[in-house]
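Hello,

The structure we spoke about follows below.

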Amino acid sequence: MPSVAPQISAPQKDEPTFSPDKVSVIYVLGGPGAGKGTQCANLVRDYGFHHLSAGDLLRAEQDRPESEFGSMIKEHIRNGVIVPMEVTVQLLENAMTEEINKSREAGGQENDRFLIDGFPRKMDQALRFDSAVCPSKFTLFFDCPEDVMQERLINRGKTSGRSDDNPESIKKRFQTFVETSMPVVDYFEKEGKVVKVKAVEGPDEIYQEVVRRMGERGFEMRKKGDPDVSTA
């Protein structure tokens, strides 16, 4: 995960930082344990997307010694409560800027494609990001039953070392997702901006469906290294 510049707060802007003509943003949502990170990693490996995890950025910020928000973030994560919008949005913008700068320095593609994993968690985050950072193309939603997600998280908790991979935190995270994030999915679905993928089968089967559905939405899904690669 890229390092993040120390600034957090940002002034109000008249237009987004990044043009949707040059930067493509896909929100990636699903309940905890739905497999978002696994599928994002596949897309990065095969198709050259940038992957930013809102949760990973927040965890990195809470551990940064000079962070004025570290204790607050840690308390919110432990209690399964959503971190204030301004913090999360600015961390994402900082990370996107760093990734784009690195891509340009390396002679990368003109249209950077971002998967933003675990975001937006609430409607205010969605509206703020779209207006201040970059309008999203659509939301990739992994639809998975709670019992399947819980089993995955408990198994992951045996080796992950994450403080929120325990039964008490998992229950709170499920409740938070249903109450705050599902309204975001419903909102974008009414606008025709949701790609819903059933996330019950094995990772390989789910990935095949993800690639197929993203291709249907206009993304050029040619693997890295293939000739005549173009971008959405």
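Is the crossing of α1 and α8 left-handed or right-handed? The crossing is right-handed, meaning that the near helix is turned clockwise from the far one by less than a right angle.

This is a predicted model, in which local features need pLDDT of at least 70, side-chain atom pairs count only at pLDDT 80 or more, and totals for chains, interfaces and linings use all residues. Residues are numbered from 1 along each chain as its sequence is written, and side-chain values use heavy atoms, without hydrogens and water.

Helix packing

Helices here are DSSP runs (H or I, at least four residues), numbered from the N terminus. The axes of α1 (residues 36-47) and α8 (residues 203-216) come within 10 Å and cross at roughly 60°; axes are lines fitted to C-alpha atoms over the stretch in contact, with angles from 0 to 180 degrees between N-to-C directions.

Salt bridges

The whole structure has 13 salt bridges (a side-chain nitrogen of Lys or Arg within 4 Å of a carboxyl oxygen of Asp or Glu). R45 pairs with D46 at 2.9 Å. R45 is partly exposed at 48% relative accessibility, whereas D46 is buried at 10% (buried is under 20%, exposed over 50%, partly exposed in between; 1.4 Å probe, protein chains only). R64 bridges to E61 at 2.6 Å and to E66 at 3.3 Å.

Regards

Conventions. Helix = DSSP H or I, 4+ residues; strand = E, 2+ residues; numbered from the N terminus.
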